[in-house]
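Subject: The structure you asked about

Hi,

Here is the structure I promised to pass on to you. Have a look at it first, and then read on.

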Amino acid sequence: MNIFLRVAAFSLLMVAGFWGFASFGIPQIKPAPPPVEEKLDLGAMTMDQFIALGGKIFNGKGTCTLCHNKMGRAPMLDQIGKNAPERLKDGRYKGTAKTIEEYIFESMTKPSAYVVAGFGKSGTNDTESPMPVVTGGSIGLKEAEVKAVIAYLQDSGGAEVTVTIPAMPAAGAEAPKAEEAAPLKTAQEVIAKFGCGACHKVADQTGEIGPNLTKIGATKNKEYIRQSILDPDAVIAKGFAGGMMPPTFGEQLKAKELEMLVNYLAGSK
Amino acid sequence: MLKRNIRIIGVVFLLAISAMFMLPAFMPAASASEAAAPTAAPAAADSAAAKTAAVPDANAVTYPPAPKLTAADYPTVSGVNPRVAVWLVAQLHLWLGAFVVAVPMFVFIIESIGMATRDERYDNMAYEFIKVSITAYSLTAIMGGLLSFSLILFYPDVFKYLALIFKESMFAYALLFFAESAVLYIYYYGWHWLQGGNRKWIHLTFGLLLNAFGITLMLLANSWTTFMMSPAAVDAAGVFNGNTWEAIHNFLWNPINIHRVVANVAYGGSIVGAYAGFKFLSAKNKEERAHYDWVGYNANFIAIAALLPLPFAGYYLTAELYAYSQQMGITLMGGVFAWIFIIQAVLIGALFLSANYYLWCGMGRSDGANRYNPRIKYIAIVLVAAFLVWFTPHTLVLTNSELKSLGGPYHKYLGVFGIMPAKNTAVNFLLTFTFMSFMFYRRANKIATVSWATTGNAIQIALFTMGLINIVTLGVYYGYFTNTVYKVAASIPQVLTTLTIIITSTIIDTLMYKGAKDVAPLHWGRMPARSQYALFLLAVSFTWLMGLMGYVRSGIRQHWHVSGIFRDASPDAYTPTLGYAANIITIGTIIFMAMVIFVFWLSTISGKHVVAKGYWKEQA
């Protein structure tokens, strides 16, 4: 019995050690919730808003930046306006596109029509692309969303934006739940939803990575605060490293939410 | 006779495996198929799906699309979290299943060794192992039944969708389960009846059949799981348009099969090792102690032998996962799951260190090992250093003041150890030096007598030296002097180098120590008690590690029941944090360990006879 207890205690101690390390020894990253369908009010959208929508999809739901980033997993797309015409003339091109818009669309829906040298699937001699079809599978972009991404890529890649905003909402788009579509009601809700407290000391949160915001209104005005949210690296607070804060809040926050947050922070003195 | 019998049981094994895989094909509607429609699987899997496209059939069965569910479609039971219930039951079924599939594999080998050497100790040990697994077999079946009920109860639409596609293989599975049970009972209860001459060969054939049934059952169950990760022959709406074999032979089926077979053997070895460790510590006399020391040594040997190729099977699985879906691969290695590989490093570090520690303690069995003892500390240093490299995270979690003093998220010197090539190098060092530990142990009580012993040793030293230099060079070149996308390219030549060292050195050593002189006898039982705790650590670490990797394998589907085609709309359709997963894994591990202790205890009391004097009526 003595041995049994000793062995049991030893085993439990080991299990507790693994549990403790996994629970407290490493960062507890909370994965993003599953993406929800958004209602696209295309009729009321300006082209700038449509391009911004494309950027949001490119950086979010489309999961494009998983590979199209500086890590070199897939070609960068910031020069697409210059590169696309050259690729259309390339002998290896197997598609039917004639314009930059058509080329980008084809790349998203038939990725193997042209594979940039060095980025093909292993062993295929750059004839097969590892890129998934963005209209199917787990990405499942709707027609309007694809067009928005094309508009964004044309705009950011130095090409003329030729895409037209579709007149109707994307086919099959489901109505969002009321609570998903409605803007948040208070600045505290915005802070909680966007996880500001993970890095900043703000409201009742105690983050330490970014500047303390509990008295930010005493030294900074609304313009400064708004710019810091929309373009975090425009001015780096003294003693803090740049490139740490996501630059995508401008695309994620609704206008009302942004103003609420700015007013709240400006009033924190 | 020996050759003839080996030929016969070889043919029986092949026929059994073939017959079992043909079984689903003979089930009703097995030929149902439609013209292949475009697959919904990621681009990388398109070609694989296209290759398996079915021929149109006039009697085609139409399959429904994947249902679009809402939270209301998931039944609830008050006070029960469906995901946690299914998670725990599935994991317990997997742990037990891994054990009962693995044990007959090495029982068959040990029984064969006993027959070849006519050493009865092997036969007794094989019998003892199968005795331990027989109760675990019942528990596995109970957990399998519970899992089925849980799925039907909490995820009826998911179960229905998968059951429609896999109905033939599920039916075949049920039949095979009966067959496996029958063979297992004959194999176990007939052990002492089928002894000697041809009867022993018949018994061994039952052992082979048991393995054929067990492995086939595992392969079929794997296909259901891997279909959920890499669905095959389905269109964008989730309509299945293939046949049974296409559904089974999906993209990730074989990589998971290989990984699970190897891991199961290592896991089975570790659990049996824990059993031997417990019996060793509880031994009442010298003979019993010697016996369980010997059993523990063999169990640890099995665990290490399977542990060595396991990282390679893991690499292959991950590479195939990337090939199937780059998104899935990045989610696994660079996304929310990236940190689990640091926990994995700790667990695998614990596995290697405990296995090596046991070997080093085992060198105390022979006085001849004194020659090698001074070298052990260097192996220990290398193993710990390799573990620390593997353990070093790429990005550090820092407070602002730490970030400032460090000048960024990467450490000036340690940052270089955070990337994959450094970790690959570390893993290959772990493997090579573990093998070196084993070689020293093996040589402990012997001296080679062949004339070319000096040359043989020199070749082995050169082999290790050149191999290790090659591993480091590959790691450094690919890690720090090439583009990011080529960083993992070092892994294959590094693995090949390690395998070359292990295989070549084993061949040389086997030839060199043929007819070697015994310089000091092995004293079985001359082991410190602490060495047995290394065996417990091995079993506990393995169990927890399997739980962790189960969470990841299932989690990379994210909010999909079947990747990309059947969305999870339940309230639990989010990936839990590592801390939450750690809670479930820990609870599962404790329940499993309690079950294992129960199994061990049953095997102990089954051999006990109490004479109840005066209880029974005297018979005239």
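Below is what was found in it, starting with a word on how to read it.

This is a predicted model, in which local features need pLDDT of at least 70 and side-chain atom pairs count only at pLDDT 80 or more, while totals for chains, interfaces and linings use all residues. Residues are numbered from 1 along each chain as its sequence is written, and chains are lettered from A and ligands numbered from 1 in the order in which they are written.

Let's begin with chain A. It has 10 helices and 2 strands (DSSP runs, H or I of at least four residues for helices and E of at least two for strands, numbered from the N terminus). Along the sequence, the order is α-α-α-α-α-α-α-β-β-α-α-α. The radius of gyration of chain A, taken over C-alpha atoms, is 24 Å, well over the 18 Å that the globule rule gives for 269 residues, so chain A is more spread out than a compact globule. That rule is 2.2 Å times the number of residues to the power 0.38. The C-alpha atoms of chain A fill a box of roughly 75 × 60 × 40 Å along the principal axes.

Chain A is also divided into domain 1 (42-168) and domain 2 (179-266), with bounds from an automatic or database domain assignment. Their centres, taken over C-alpha atoms, are 31 Å apart. Of the 269 residues in chain A, 30% are buried (20 or more other C-beta atoms within 10 Å of a residue's own; exposed is 12 or fewer, partly exposed is in between, and C-beta atoms are placed from the backbone).

Next, where the chains meet: 41 residues of chain A are in contact with 49 residues of chain B (C-beta atoms, placed from the backbone, within 7 Å). On the chain A side there are 26 nonpolar, 10 polar and 5 charged residues. Here Ala, Val, Leu, Ile, Met, Phe, Trp, Tyr, Cys and Pro count as nonpolar, Asp, Glu, Lys and Arg as charged, and the others, Gly among them, as polar.

In chain B, look at helix α3 (residues 82-117). Is α3(B) mostly covered or uncovered? Mostly covered, with 27 of its 36 residues buried. After α3(B) comes Arg118(B), with a positive phi near 60 degrees.

Finally, find Val552(B) in helix α19 of chain B. Val552(B) is partly exposed, with 18 other C-beta atoms within 10 Å. Leaving aside residues up to four places away in sequence, Val552(B) touches Leu332(B), Phe337(B) and Ile340(B).

Enjoy exploring!

Technical notes
The expected span of a helix is 1.5 Å times one less than its number of residues. Two residues are in contact if their C-beta atoms, placed from the backbone, lie within 7 Å.
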